[in-house]
There are 2 protein chains.
Amino acid sequence: MNGVMDAIKGRRSVRKYKQQQISDGELSQIVAAGQLAPSGHNRQTTHFVVVQQAAVLEELRRVVREAFAEMEQPADPHDMKSTAIRLSKKGKYNFMYNPPTFIIAANKRGYGNAMADTALALGNMMLLAQEIGIGSCWINQLRWLCDDEKVMRAVEKLGIGRDEVVCGGLALGYSDQPERPATVIQGNRVDYIK
Amino acid sequence: MNGVMDAIKGRRSVRKYKQQQISDGELSQIVAAGQLAPSGHNRQTTHFVVVQQAAVLEELRRVVREAFAEMEQPADPHDMKSTAIRLSKKGKYNFMYNPPTFIIAANKRGYGNAMADTALALGNMMLLAQEIGIGSCWINQLRWLCDDEKVMRAVEKLGIGRDEVVCGGLALGYSDQPERPATVIQGNRVDYIK
């Protein structure tokens with residue numbers, strides 16, 4: 001183990017995965033990392049659904065594609081949903097890069113700390129995964145569609161209640177993509193008032 | 001260095017700080033950890049303002065206290081703002097536990113990934129701080145007040161534009177609180193679909 005900064009610097013968003021499943025031991029470490037993230041007032045309301053069943057992953061892909069296919073293209077060309085909608089209308093959209101494991105992270109609907117708490121949990125998971133040699137990628141799409149009735153029904157079948165809202169997702173698996181250069185910091189401005 | 005899980009397990013929210021300032025070397029490692037967090041489409045729009053000037057910190061405390069003092073108590077008794085409002089009305093509220101360093105993290109106003117990206121950055125910072133022996137605590141209050149005109153003016157003086165919104169804050173310094181037991185996971189439910 002080389003420490004937190006090595007995990008931070010080494011992490012890349014992995015968009016191509018080997019089909020070999022990660023081990024239960026690896027998964028449980030990643031899940032624990034997420035559960036141990038701080039939460040506002042220590043309320044611990046993040047809810048993780050770990051999906052490894054291929055048929056369920058395929059059903060999620062289909063529901064997401066159908067939901068995007070019904071949406072209008074956003075006026076803003078920089079809107080992140082643009083590509084998803086365009087490809088879905090052609091029946092060609094796959095929102096999660098075929099990872100063998102996909103974690104859906106939900107939180108209480110209407111709760112002010114829902115997004116922050118969930119992001120801290122997924123952040124912990126990404127760093128722990130990186131340290132033990134597992135690739136990951138934050139997946140936004142179910143969050144974008146969290147008010148879509150068909151998507152709500154699909155995640156409800158997986159145990160996410162109507163009082164909850166999907167705040168993020170995480171693809172997990174062994175990376176099958178070429179090594180990529182380190183992230184270059186071009187934004188993320190810092191001002192000092194000393 | 002003991003790795004990511006040790007940092008995750010060892011981290012506590014620190015609410016009492018020594019007044020000794022952290023070193024510039026420590027600060028720059030923590031800042032880099034935040035800058036290197038993943039962001040949606042790698043847009044890197046998180047904006048950090050590192051405040052170490054005592055008079056500026058005091059001014060922020062005053063503005064926050066005055067903003068809360070003018071607010072009505074929320075109907076929901078579980079609303080996290082409750083205590084802040086009650087104490088501020090008595091002139092007794094200090095929102096940031098007197099850390100020697102306070103980082104304000106802002107992002108583009110109205111940007112869908114603002115909260116997620118900022119939280120991932122602050123999460124990285126908390127873990128890196130923990131690893132190098134520095135305590136931290138997520139501070140929500142400026143976010144709660146991000147639409148308050150006086151608060152907006154106060155953070156504008158620190159370089160946060162009107163096109164930005166405060167998404168979180170981070171208190172940083174050497175811990176002066178007794179060691180606390182490890183976090184017990186009582187929530188953060190996990191379901192497996194294998």
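Two strands are taken to pair if DSSP finds at least two bridges between them, strands (E, at least two residues) and helices (H or I, at least four) being DSSP runs numbered from the N terminus. In this predicted model, local features need pLDDT of at least 70 and side-chain atom pairs count only at pLDDT 80 or more, whereas totals for chains, interfaces and linings use all residues. Residues are numbered from 1 along each chain as its sequence is written, chains are lettered from A in the order in which they are written, and side-chain values use heavy atoms, with hydrogens and water left out.

By this criterion, β5(A) pairs with strand β1 (residues 47-51) of chain B in the parallel sense over four bridges. Within this pairing, Asp191(A) stands opposite Val49(B) in β1(B).

Chain A is superposed on chain B by a rotation of 180° with 0.0 Å of shift along its axis (RMSD 0.0 Å), fitted by least squares on the C-alpha atoms of residues with pLDDT of at least 70 in both copies. This is the relation of a two-fold axis. In chain A, the C-alpha nearest the axis belongs to Gly3(A), at 2.0 Å.

The contact (heavy atoms within 4.5 Å) takes 65 residues from chain A and 65 residues from chain B. The buried area, defined as the accessible area (1.4 Å probe) lost on putting the two parts together and summed over both, is about 5700 Å², 59% of it on carbon and sulfur atoms. Met80(A), Asn188(A) and Ile193(A) lose the most area in chain A, together 13% of what that side buries.

Two salt bridges (a side-chain nitrogen of Lys or Arg within 4 Å of a carboxyl oxygen of Asp or Glu) link the chains. Lys194(B) forms a salt bridge with Asp24(A), the closest N and O atoms being 2.9 Å apart.
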